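Please look at the sequence and the fold shown below before reading on. The paragraphs that follow lead from single residues to helix packing and then to the core.

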Amino acid sequence: MPLTAPQCRAARALLDWTQAELAAAAAVSPGTVRGFEAGRHVPHRASAAALRRALEAVGIVFIDAGPDGGEGVRRA
């Protein structure tokens with residue numbers, strides 16, 4: 001499942017991370033996170049994967065949309 005901008009924002013909120021902190025953890029530019037979350041662009045596949053890996057590494061679990069609700073995130 002690809003990472004969505006709302007999931008990215010929600011995951012950061014659960015962690016109380018700034019966009020800059022996520023960017024540093026994922027080794028991407030802060031502008032990549034800022035632009036993605038604002039809906040200005042979709043990050044390159046490698047950048048999106050790096051963001052997701054960084055969040056999963058600290059306990060974020062991504063939830064797919066299903067018949068009982070939409071996509072989301074939770075802490076492991």
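Ala 24 counts as exposed, at 62% relative accessibility, where exposed means over 50% relative accessible area, buried under 20%, and partly exposed in between, computed with a 1.4 Å probe on protein chains only. Ala 24 is found in helix H2, and its C-alpha atom lies 20 Å from that of Phe 62, a residue 38 places away in sequence. The model is a predicted one, in which local features need pLDDT of at least 70 and side-chain atom pairs count only at pLDDT 80 or more, whereas totals for chains, interfaces and linings use all residues. Residues are numbered from 1 along each chain as its sequence is written, and side-chain values use heavy atoms, with hydrogens and water left out. Helices (H or I, at least four residues) and strands (E, at least two) are DSSP runs, numbered from the N terminus.

Leu 22 is also found in helix H2, but Leu 22 counts as buried, at 0% relative accessibility. Which residues does Leu 22 contact, leaving aside its neighbours within four places in sequence? They are Cys 8, Arg 12, Trp 17, Val 33, Leu 51, Ala 54 and Leu 55, with contact meaning heavy atoms within 4.5 Å. For Leu 22 and Leu 51, which are 29 residues apart in sequence, the C-alpha to C-alpha separation is 7.3 Å.

The packing of two helices can be taken up next. Two packed helices are described by the angle between their axes and the distance between the axes. For H2 (residues 19–26) and H4 (residues 45–57), the angle is about 100° and the axes are 8 Å apart; the axes are lines fitted to C-alpha atoms, for helices over the stretch in contact, and angles run from 0 to 180 degrees between N-to-C directions. H2 and H4 are therefore roughly perpendicular to each other, a class that covers 65 to 115 degrees, while angles under 35 degrees count as roughly parallel, over 145 as roughly antiparallel and the rest as oblique. H2 contributes Leu 22, Ala 25 and Ala 26 to the contact, and H4 contributes Ala 50, Leu 51, Ala 54 and Leu 55. By class, the contact has seven nonpolar, no polar and no charged residues, where Ala, Val, Leu, Ile, Met, Phe, Trp, Tyr, Cys and Pro count as nonpolar, Asp, Glu, Lys and Arg as charged, and the others, Gly among them, as polar.

Asp 16, in the loop between H1 and H2, has a phi near 60°, a positive value in a residue other than glycine, and Asp 16 is exposed, with a relative accessible area of 67%. Ala 27, in the loop between H2 and H3, likewise has a positive phi near 60°, and Ala 27 counts as exposed at 71% relative accessibility.

Helix H3 comes next. Thr 32, Val 33, Gly 35, Phe 36 and Glu 37 are buried in H3, and what covers the buried residues of H3 includes helix H1 (5–15), H2 and H4. Thr 32 lies in H3, which spans residues 30–37, and has a relative accessible area of 16%. The side chains of Thr 32 and Ser 29 are joined by a polar contact of 2.9 Å, which is a pair of N or O atoms within 3.5 Å; within protein, one must be able to donate a hydrogen and the other to accept it, and residues adjacent in sequence count only if both atoms are side-chain atoms. Not counting residues up to four places away in sequence, Thr 32 also touches His 41, Pro 43 and Ser 47. Just after H3, Gly 39 takes a positive phi of about 80°.

How many residues does the largest nonpolar core have? It has 18, and those with the most contacts inside it are Leu 22, Val 28, Leu 51, Leu 55 and Ile 60; such a core is a set of buried Ala, Val, Leu, Ile, Met, Phe, Trp, Tyr and Cys residues joined through side-chain atoms within 4.5 Å. H1, H2, H3, H4 and strand S1 (60–63) each supply at least two residues of this core. Val 28 touches Ala 23, Val 33, Ser 47, Ala 50 and Leu 51, not counting residues up to four places away in sequence.
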